Amino acid sequence: MKKYIPALLVIIGLVLFTSCKNEVRTDSGNTSDTDNKILQQEDGTISLKLEKAECYHDMDNPKSNTAEWSILVSKSGRFDVWLSSATTDTTNLKYENSVMLSFLENRLEKRPLCDKVFQNSTDVTFPYFRADSFMGSLYIQDTGLYNIQIISEKIVPTNYRGNDTATFNSSKLLSVFLTPAIH
(Lines give C-alpha, C1' and ligand atoms only; values in the text may rest on other atoms or scores of the structure.)
Protein backbone atom coordinates (compact mmCIF):
# COMPACT_ATOMS: atom_id res chain seq x y z
CA MET A 1 0.00 0.00 0.00
CA LYS A 2 2.90 2.40 0.79
CA LYS A 3 4.34 2.00 -2.72
CA TYR A 4 1.09 3.33 -4.30
CA ILE A 5 1.05 6.57 -2.23
CA PRO A 6 3.84 8.35 -4.22
CA ALA A 7 2.18 7.42 -7.53
CA LEU A 8 -1.17 8.64 -6.23
CA LEU A 9 0.40 11.93 -5.10
CA VAL A 10 2.00 12.41 -8.53
CA ILE A 11 -1.34 11.84 -10.27
CA ILE A 12 -3.13 14.27 -7.93
CA GLY A 13 -0.34 16.82 -8.48
CA LEU A 14 -0.63 16.51 -12.27
CA VAL A 15 -4.41 16.93 -12.13
CA LEU A 16 -4.12 20.04 -9.97
CA PHE A 17 -1.30 21.48 -12.08
CA THR A 18 -3.14 21.09 -15.38
CA SER A 19 -6.48 22.28 -14.00
CA CYS A 20 -4.93 25.50 -12.63
CA LYS A 21 -3.65 26.43 -16.09
CA ASN A 22 -7.16 26.39 -17.57
CA GLU A 23 -8.72 29.83 -17.56
CA VAL A 24 -12.31 30.17 -16.52
CA ARG A 25 -14.19 32.68 -18.70
CA THR A 26 -17.58 34.05 -17.78
CA ASP A 27 -18.09 35.96 -21.04
CA SER A 28 -18.27 34.78 -24.61
CA GLY A 29 -14.74 35.95 -25.27
CA ASN A 30 -15.94 38.75 -27.54
CA THR A 31 -16.26 41.52 -24.95
CA SER A 32 -13.75 43.19 -22.70
CA ASP A 33 -14.17 44.27 -19.10
CA THR A 34 -14.71 47.90 -20.13
CA ASP A 35 -17.65 47.27 -22.50
CA ASN A 36 -20.26 47.69 -19.74
CA LYS A 37 -18.50 50.60 -18.09
CA ILE A 38 -18.67 54.30 -18.80
CA LEU A 39 -15.18 55.68 -19.39
CA GLN A 40 -14.17 59.16 -18.34
CA GLN A 41 -13.49 61.51 -21.27
CA GLU A 42 -10.11 63.18 -21.88
CA ASP A 43 -11.31 66.49 -20.44
CA GLY A 44 -12.41 64.70 -17.24
CA THR A 45 -16.15 64.73 -17.98
CA ILE A 46 -18.21 61.66 -17.13
CA SER A 47 -21.29 61.45 -19.35
CA LEU A 48 -24.04 59.10 -18.15
CA LYS A 49 -26.79 58.69 -20.74
CA LEU A 50 -29.97 57.01 -19.59
CA GLU A 51 -30.00 54.56 -22.50
CA LYS A 52 -26.69 53.10 -21.27
CA ALA A 53 -27.92 52.60 -17.69
CA GLU A 54 -29.29 49.55 -15.96
CA CYS A 55 -32.81 50.74 -15.15
CA TYR A 56 -35.60 49.74 -12.81
CA HIS A 57 -39.08 51.01 -13.68
CA ASP A 58 -42.21 50.83 -11.57
CA MET A 59 -44.76 52.89 -13.44
CA ASP A 60 -47.37 52.38 -10.69
CA ASN A 61 -44.99 54.12 -8.26
CA PRO A 62 -42.50 55.96 -10.49
CA LYS A 63 -40.82 57.94 -7.69
CA SER A 64 -38.64 54.86 -7.06
CA ASN A 65 -37.50 54.48 -10.69
CA THR A 66 -33.75 53.95 -10.72
CA ALA A 67 -30.87 54.13 -13.19
CA GLU A 68 -27.39 52.82 -12.39
CA TRP A 69 -24.08 52.99 -14.22
CA SER A 70 -20.62 51.53 -13.68
CA ILE A 71 -18.02 54.23 -14.26
CA LEU A 72 -14.27 54.00 -14.64
CA VAL A 73 -12.68 57.11 -13.13
CA SER A 74 -9.20 57.86 -14.46
CA LYS A 75 -8.90 61.44 -13.13
CA SER A 76 -10.05 62.13 -9.59
CA GLY A 77 -11.09 65.49 -8.14
CA ARG A 78 -14.18 67.64 -7.53
CA PHE A 79 -17.03 67.34 -10.04
CA ASP A 80 -20.13 69.44 -10.67
CA VAL A 81 -23.20 67.27 -11.22
CA TRP A 82 -25.70 68.29 -13.91
CA LEU A 83 -28.97 66.61 -14.90
CA SER A 84 -30.24 66.91 -18.46
CA SER A 85 -33.97 66.69 -19.07
CA ALA A 86 -36.09 66.73 -22.19
CA THR A 87 -38.92 69.18 -21.56
CA THR A 88 -41.74 70.96 -23.36
CA ASP A 89 -41.94 73.66 -20.67
CA THR A 90 -38.67 75.43 -19.86
CA THR A 91 -40.26 77.37 -16.98
CA ASN A 92 -41.25 74.26 -15.01
CA LEU A 93 -39.66 70.82 -15.43
CA LYS A 94 -42.58 69.29 -13.47
CA TYR A 95 -40.50 67.04 -11.22
CA GLU A 96 -42.91 66.14 -8.40
CA ASN A 97 -40.15 64.76 -6.18
CA SER A 98 -36.50 65.50 -5.58
CA VAL A 99 -33.97 63.58 -7.63
CA MET A 100 -31.47 61.60 -5.54
CA LEU A 101 -27.97 60.72 -6.74
CA SER A 102 -25.89 58.19 -4.78
CA PHE A 103 -22.16 57.74 -5.22
CA LEU A 104 -20.28 55.72 -2.60
CA GLU A 105 -21.37 57.34 0.66
CA ASN A 106 -22.23 60.66 -1.00
CA ARG A 107 -25.82 61.68 -1.69
CA LEU A 108 -27.08 64.65 -3.59
CA GLU A 109 -30.78 65.38 -3.48
CA LYS A 110 -32.53 68.25 -5.21
CA ARG A 111 -35.65 69.12 -7.18
CA PRO A 112 -34.34 70.06 -10.65
CA LEU A 113 -34.75 73.63 -11.86
CA CYS A 114 -34.11 74.91 -15.34
CA ASP A 115 -30.58 76.39 -15.04
CA LYS A 116 -29.58 76.15 -18.74
CA VAL A 117 -31.74 75.69 -21.84
CA PHE A 118 -30.46 74.34 -25.15
CA GLN A 119 -32.87 75.06 -28.00
CA ASN A 120 -31.06 73.20 -30.79
CA SER A 121 -29.71 70.21 -28.88
CA THR A 122 -29.26 67.01 -30.86
CA ASP A 123 -30.27 65.07 -27.72
CA VAL A 124 -33.98 65.89 -28.23
CA THR A 125 -36.47 66.35 -31.06
CA PHE A 126 -39.35 68.78 -31.46
CA PRO A 127 -41.38 69.67 -29.34
CA TYR A 128 -38.73 69.11 -26.65
CA PHE A 129 -35.93 71.32 -25.42
CA ARG A 130 -32.94 70.17 -23.42
CA ALA A 131 -32.81 71.73 -19.96
CA ASP A 132 -29.84 71.24 -17.64
CA SER A 133 -30.16 71.46 -13.87
CA PHE A 134 -27.27 71.93 -11.46
CA MET A 135 -27.49 69.30 -8.73
CA GLY A 136 -24.40 70.07 -6.64
CA SER A 137 -20.84 68.82 -6.52
CA LEU A 138 -19.04 65.79 -5.20
CA TYR A 139 -15.45 64.82 -4.63
CA ILE A 140 -13.99 61.63 -6.08
CA GLN A 141 -10.81 60.93 -4.15
CA ASP A 142 -9.43 57.88 -5.95
CA THR A 143 -9.43 56.55 -9.46
CA GLY A 144 -11.06 53.20 -10.15
CA LEU A 145 -14.34 51.49 -10.90
CA TYR A 146 -17.47 52.83 -9.17
CA ASN A 147 -21.24 52.57 -9.36
CA ILE A 148 -23.41 55.66 -9.49
CA GLN A 149 -27.18 55.57 -9.05
CA ILE A 150 -29.97 58.07 -9.59
CA ILE A 151 -33.58 57.82 -8.44
CA SER A 152 -36.35 59.86 -10.06
CA GLU A 153 -39.93 59.57 -11.28
CA LYS A 154 -38.69 61.01 -14.60
CA ILE A 155 -36.74 57.84 -15.43
CA VAL A 156 -39.23 56.27 -17.80
CA PRO A 157 -38.97 53.52 -20.41
CA THR A 158 -38.25 54.88 -23.88
CA ASN A 159 -41.59 53.92 -25.43
CA TYR A 160 -43.80 54.19 -22.35
CA ARG A 161 -47.51 54.44 -23.21
CA GLY A 162 -49.22 54.40 -19.82
CA ASN A 163 -52.30 56.04 -18.28
CA ASP A 164 -50.47 59.20 -17.19
CA THR A 165 -48.45 59.95 -20.31
CA ALA A 166 -49.06 63.71 -20.00
CA THR A 167 -46.91 63.81 -16.85
CA PHE A 168 -44.12 61.84 -18.48
CA ASN A 169 -44.36 63.58 -21.84
CA SER A 170 -43.90 67.06 -20.35
CA SER A 171 -40.38 66.16 -19.19
CA LYS A 172 -38.12 63.16 -18.71
CA LEU A 173 -34.58 62.58 -17.55
CA LEU A 174 -32.02 62.19 -20.34
CA SER A 175 -28.61 62.03 -18.70
CA VAL A 176 -26.30 62.96 -15.86
CA PHE A 177 -23.00 64.78 -16.40
CA LEU A 178 -20.12 65.01 -13.97
CA THR A 179 -17.84 67.85 -15.09
CA PRO A 180 -14.55 68.78 -13.44
CA ALA A 181 -15.24 71.70 -11.11
CA ILE A 182 -13.35 74.87 -11.98
CA HIS A 183 -13.85 77.45 -9.25
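Strand S6 (residues 99–103) and strand S7 (residues 106–110) run antiparallel to one another and are paired over five bridges, where strands, like helices, are DSSP runs numbered from the N terminus (E, at least two residues, for a strand; H or I, at least four, for a helix), and where two strands pair if DSSP finds at least two bridges between them. Within this pair, Ser 102 has Arg 107 of S7 as its bridge partner. The hairpin has two residues between its strands, and Leu 104 takes a positive phi near 50 degrees there. Leu 104, placed in the loop between S6 and S7, is exposed, with a relative accessible area of 59%; exposed means over 50% relative accessible area, buried means under 20%, and partly exposed lies in between, with a 1.4 Å probe and protein chains only.

The model is a predicted one, in which local features need pLDDT of at least 70 and side-chain atom pairs count only at pLDDT 80 or more, while totals for chains, interfaces and linings use all residues. Residues are numbered from 1 along each chain as its sequence is written, and side-chain values use heavy atoms, with hydrogens and water left out.

**The chain as a whole**

The protein chain contains two helices and 11 strands, and from the N terminus on its elements follow the order α-β-β-β-β-β-β-β-β-β-β-α-β. Of its 183 residues, 36% count as buried. The accessible surface comes to about 11,900 Å², and carbon and sulfur atoms hold 51% of that area, as given by the Shrake-Rupley method with a 1.4 Å probe. Among the contacts in the chain with a separation of 6 or more, 75% are between residues 24 or more positions apart, a contact being heavy atoms within 4.5 Å.

**Other strand pairs and backbone features**

S5 and S9 run antiparallel and are joined by 11 bridges; in this pair, Asp 80 stands opposite Ser 137 in S9. S8 is also joined to S9 in the antiparallel sense, by three bridges, and the bridge partner of Phe 118 in S9 is Arg 130. The loop between strand S8 (116–118) and strand S9 (129–140) holds Pro 127, and the peptide bond that leads from Phe 126 to Pro 127 is cis, with omega near 15 degrees.

Lys 94 has a positive phi of about 60 degrees although it is not a glycine. This residue is placed in the loop between strand S5 (77–87) and S6, and Lys 94 counts as partly exposed because its relative accessibility is 34%.

| Residue | Relative accessible area | Class |
|---|---|---|
| Ser 175 | 3% | buried |
| His 57 | 32% | partly exposed |
| Lys 94 | 34% | partly exposed |
| Leu 104 | 59% | exposed |

Ser 175 lies in strand S11 and counts as buried because its relative accessibility is 3%. Leaving out residues up to four places away in sequence, Ser 175 touches Leu 48, Lys 49, Leu 50, Trp 82, Leu 83 and Ser 84. Trp 82 is 93 residues from Ser 175 in sequence, yet the two are 8.4 Å apart in space, C-alpha to C-alpha.

His 57 is found in the loop between strand S3 (54–56) and strand S4 (66–73). Apart from neighbours within four places in sequence, His 57 is in contact with Asn 65, Ile 155, Val 156 and Pro 157. From His 57 to Ala 67 there are 10 residues in sequence and 8.8 Å in space, C-alpha to C-alpha.

**The largest pocket**

Rolling a probe the size of a water molecule over the atoms shows where empty space is left. A pocket is an open set of points, on a 1 Å grid over the protein atoms alone, where a 1.4 Å probe fits, with protein on both sides within 12 Å along at least five of seven lines, and its lining residues have an atom within 4 Å of a point. The largest pocket holds about 470 Å³ of space, the volume being the space filled by probe spheres set on the points, which are joined across faces, edges and corners.

The lining of this pocket is made up of 19 residues, and Glu 51, Thr 158, Lys 172, Leu 173 and Leu 174 are those nearest its centre. Strand S11 (residues 171–180) gives the largest share of the lining, with four residues. By class, the lining residues divide into 10 nonpolar, four polar and five charged, where Ala, Val, Leu, Ile, Met, Phe, Trp, Tyr, Cys and Pro count as nonpolar, Asp, Glu, Lys and Arg as charged, and the others, Gly among them, as polar.
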